[in-house]
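Take a look at the model below.

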Amino acid sequence: MKERVLYADILRVAATFLVITIHIASRDFNLYEMDSYQWQVLNIFDSFARMSVPLFFMLSGVFFLDPKREFSIKKLYKKNLFRLVTAFIFWSALYAVIFTWNEYRTFNAEVWGVMVEAFKEGHFHLWFLFRMIEIYVMIPFLRKIAEDKKLILYLVAFCFYIGFILPSYNEFPVSSTVTFAERGVNLDITFGYVGYFFIGYYLAHYDLKKWMKTGIYLLGAAGLISTIMITSVESLKQGEHYDVPYEYLTPNVFFTSLAAFLLAKERLQSKNFSTTFKRVLLEFSTYSFGIYLVHVLIIFLVWKANLNTLFTTPILSVPLLTLAIFLISYVCVKAMSKIPFVKRFIL
């Protein structure tokens with residue numbers, strides 16, 4: 001078996017699980033009263049899962065910024081960027097057709113216009129592809145910055161101020177999940193994700209002093225607790241779901257994500273795993289991108305069949321549904337991968 005960074009594969013699969021958790025929990029908030037324990041359970045799951053998307057960006061930074069790995073602009077455009085663009089075209093078209101038909105149940109000039117707009121904007125979870133494309137385009141010169149340790153820290157500090165502090169202070173007039181089609185280029189949002197890209201590379205390739213690790217863990221715990229508490233308190237106060245702490249470019253989510261990444265690296269990097277575990281892990285990691293793309297459709301179909309978090313207490317229903325959606329999505333993606341064109345370009 002080809003040598004891999006196993007803790008990175010574990011984090012990739014875990015992040016995929018957590019994204020599904022977010023989309024399950026957030027879908028059912030309106031089914032419960034905000035002062036109920038069920039609503040608070042969803043809040044806890046959602047808050048914890050917010051590290052998911054940052055982990056994806058951090059993991060991309062680990063490999064794309066590594067000077068030891070072969071890199072060429074030609075390969076970047078012909079393979080990596082082309083894959084993201086074709087994935088967006090296919091999945092955005094698929095979601096636009098399915099969800100427009102589900103709403104209108106007919107096709108005419110007006111519905112066609114709605115469908116075209118839905119395609120251009122992309123279904124809500126496809127914003128991730130826009131952000132990745134933006135960063136991939138910058139990789140040739142980002143790799144030059146990654147050659148200098150001090151310059152990395154300077155850039156992370158700059159990105160933290162521009163991409164985290166300012167949007168959080170202004171309570172995100174532009175969401176951290178906005179797409180290019182919706183609002184054009186927003187450099188503060190872009191720089192925020194560039195910050196994740198570099199901090200992932202830094203944590204993976206440089207050893208930290210013990211006091212720094214302790215500080216990151218404490219800030220990570222504080223970040224998670226503050227996400228849960230601020231969301232709960234402000235939602236109850238305002239009488240509606242206050243979701244600003246859920247934004248991926250908030251300091252609380254930033255430090256929680258850093259702590260999770262560092263913990264995985266420290267505890268799993270030198271750990272020995274069985275051959276079976278490695279094989280299953282590699283399988284899920286390989287198809288994680290496809291699972292991310294298809295899982296929203298699977299959730300939609302499952303909820304349409306009247307199966308949601310109400311079937312039992314959310315303490316159990318959220319993780320059970322997350323596991324079920326993950327496995328169903330994997331089976332779908334695995335089947336799709338048997339089609340050569342599909343496997344190469346849209347998964």
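Predicted model: local features only at pLDDT ≥ 70, side-chain atom pairs only at ≥ 80, totals over all residues.

What follows moves from the whole chain to its pockets, then to its aromatic rings and cysteines.

The chain has 15 helices and 0 strands. Its radius of gyration is 20 Å, close to the 20 Å that the globule rule gives for 347 residues, so the chain is as compact as a globular protein of that length. Along the principal axes, the C-alpha atoms fill a box of roughly 55 × 50 × 45 Å. How much of the chain is buried? Of the 347 residues, 52% count as buried.

Now turn to the open spaces. Rolling a probe the size of a water molecule over the atoms shows where empty space is left. The largest pocket holds about 1600 Å³ of space. It is lined by 39 residues. Nearest its centre lie Arg-12, Phe-64, Lys-79, Asn-80 and Arg-83. Several helices each supply at least two residues of this lining, among them H1 (6–25), H3 (52–64), H4 (73–104) and H6 (127–145). Which helix gives the largest share? That is H4, with 8 residues. By type, the lining of the largest pocket divides into 19 nonpolar, 6 polar and 14 charged residues.

The second largest pocket has a volume of about 690 Å³. It has 35 lining residues, and the closest to its centre are His-23, Phe-124, His-125, Trp-127 and Thr-177. The elements that give two or more residues to this lining are H1, H4 and helix H5 (109–121). H4 again makes the largest share, here 7 residues. The lining of the second largest pocket divides into 16 nonpolar, 12 polar and 7 charged residues.

Next come the aromatic rings. A pair of aromatic rings is described by the distance of the centres and the angle of the planes. The structure holds 34 aromatic pairs. Take Tyr-7 and Phe-261. Their ring centres are 6.0 Å apart and their planes stand at 85°, so the pair is edge-to-face. Tyr-7 lies in helix H1 and Phe-261 in helix H11 (residues 251–268), so the pair ties together parts that are 254 residues apart in sequence. Both Tyr-7 and Phe-261 are buried.

A second pair joins Phe-164 and Phe-254. Here the ring centres are 4.9 Å apart and the planes are at 65°, so this pair is edge-to-face too. It also links distant parts of the chain. Phe-164 sits in helix H7 (residues 149–169) and Phe-254 in helix H11, 90 residues apart.

Finish with the cysteines. How many disulfides does the whole structure have? A search finds 0. Cys-159 has 0% relative accessibility, so it counts as buried. Cys-332 has a relative accessible area of 27%, which means that it is partly exposed.

Terms used: Residues numbered from 1 in each chain as written. Heavy atoms only, no water. Disulfide = S-S within 2.5 Å. Buried < 20%, exposed > 50% of the residue type's maximum accessible area, 1.4 Å probe, protein only. 1 Å grid on protein atoms, 1.4 Å probe; cavity = no way out; pocket = protein on both sides within 12 Å on 5 of 7 lines; lining within 4 Å. Points joined across faces, edges and corners; volume = space filled by probe spheres on them. Helix = DSSP H or I, 4+ residues; strand = E, 2+ residues; numbered from the N terminus. Nonpolar A, V, L, I, M, F, W, Y, C, P; charged D, E, K, R; others polar. Phe/Tyr/Trp six-rings, centres within 6.5 Å; stacked < 30°, edge-to-face > 60°. Rg over C-alpha atoms; globule rule 2.2 N^0.38 Å.
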